[in-house]
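Hello,

Here is the structure I said I would pass on. My notes follow it.

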Amino acid sequence: MTTEMSGQSPAASTAAAFELHPFRGRFNAGFFKVMDRYLDWNLRSHKSRVYRDLPTTVVELGTGVGANFRYLAEGTKLVAIEPNRHMHRALEKSAQRHGIEVEIRDVIAERIDLPDESADAVISSLVLCTVADPEQVISEVHRILRPGGQFSFVEHVAAPDGTVTRSLQRLLRRPWAWTFEGCSCERDLESVIRRAGFSVVTVQPYRLHTPFVPFNTHIAGAAIA
């Protein structure tokens with residue numbers, strides 16, 4: 001995969017800029033560092049399945065503090081799309097611990113600064129809930145993947161209508177979104193991915209059982225360009 005700068009797609013140029021909030025940015029960097037082992041304990045089986053046999057060069061959306069480095073082979077080159085600069089120091093330290101060569105790009109996922117058909121693999125986890133325009137992000141993923149390239153994802157989504165979890169997602173959506181940098185618990189991300197033009201999409205829904213109830217409905221899977 002080449003990582004040369006390239007002009008973005010016209011639609012991407014209209015995406016909103018990332019707001020680096022002085023409190024939320026630092027809070028989220030600290031929160032995900034502290035909660036890393038707990039979150040991984042809940043998500044390990046799903047991540048191990050969808051991140052299996054990745055190539056040695058990978059693009060990751062919203063790399064955060066490097067929670068997924070444990071699933072990459074030592075020596076992997078990771079292009080990290082991470083606009084929250086408060087994450088970068090922990091991200092670099094995690095890369096050193098895991099033997100990952102990381103290239104951090106503080107751009108938003110709606111405007112990935114990579115050429116068309118330049119990536120063999122893109123991964124994301126707990127990211128599409130936070131972006132301003134998930135349809136545009138998935139369009140960008142499809143754009144940068146080579147034919148046959150794979151997008152592997154682990155994301156939390158809206159619970160089915162009429163459930164207690166769905167009611168709690170609606171009730172808590174504003175404070176939840178403010179705290180977690182725009183995170184929405186009410187997105188049908190499976191439909192977004194299926195509409196994006198991939199040749200094959202496989203999705204497994206599942207449920208976690210954690211105190212963070214609005215967060216407990218998830219999907220994991222892969223989409224082939």
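Among contacts in the chain between residues at least 6 apart in sequence, what percentage join residues at least 24 apart? The figure is 74%. Please keep in mind that this is a predicted model.

The overall picture first. The chain has 225 residues, and 52% of them are buried. Its secondary structure consists of six helices and seven strands, in the order α-α-β-β-α-β-β-α-β-α-α-β-β from the N terminus. The accessible surface is about 10,600 Å², with 52% of that belonging to carbon and sulfur atoms.

Next, the charges. There are 15 salt bridges in the structure. One of them pairs Glu103 with Lys77, with 3.6 Å between the closest N and O atoms. This pair links distant parts of the chain, since Glu103 sits in strand 3 (residues 101-105) and Lys77 in strand 2 (residues 77-81), 26 residues apart. Another joins Arg105 and Asp113 at 3.1 Å, N to O. Arg105 counts as buried because its relative accessibility is 9%, under the 20% limit; Asp113 is also buried, at 7%.

Arg173 and Glu186 form a salt bridge as well, at 3.2 Å from N to O. Arg173 belongs to helix 5 (residues 164-179), while Glu186 is in the loop between helix 5 and helix 6 (189-194). Both residues are part of a salt-bridge network with Asp161, Arg166 and Arg170.

Last, the surface carries a patch of positive charge made up of Lys33, Arg37, Arg89, Lys93 and Arg97. Helix 3 (residues 88-98) supplies the largest share of the patch, three residues. Lys33 lies in helix 1 (residues 24-34) and is exposed, with a relative accessible area of 56%.

Regards

Note on methods. Residues numbered from 1 in each chain as written. Predicted model: local features only at pLDDT ≥ 70, side-chain atom pairs only at ≥ 80, totals over all residues. Heavy atoms only, no water. Patch = residues over 30% accessible without salt bridge, like charges linked within 9 Å, V, L, I, M, F, W, Y side chains within 5 Å. Areas by Shrake-Rupley, 256 points an atom, 1.4 Å probe, with all protein chains shown as cover. Salt bridge = Lys/Arg side-chain N within 4 Å of Asp/Glu carboxyl O. Lys, Arg positive; Asp, Glu negative; His and termini not counted. Charge placed at Lys NZ, Arg CZ, Asp CG, Glu CD. Helix = DSSP H or I, 4+ residues; strand = E, 2+ residues; numbered from the N terminus. Buried < 20%, exposed > 50% of the residue type's maximum accessible area, 1.4 Å probe, protein only. Contact = heavy atoms within 4.5 Å.
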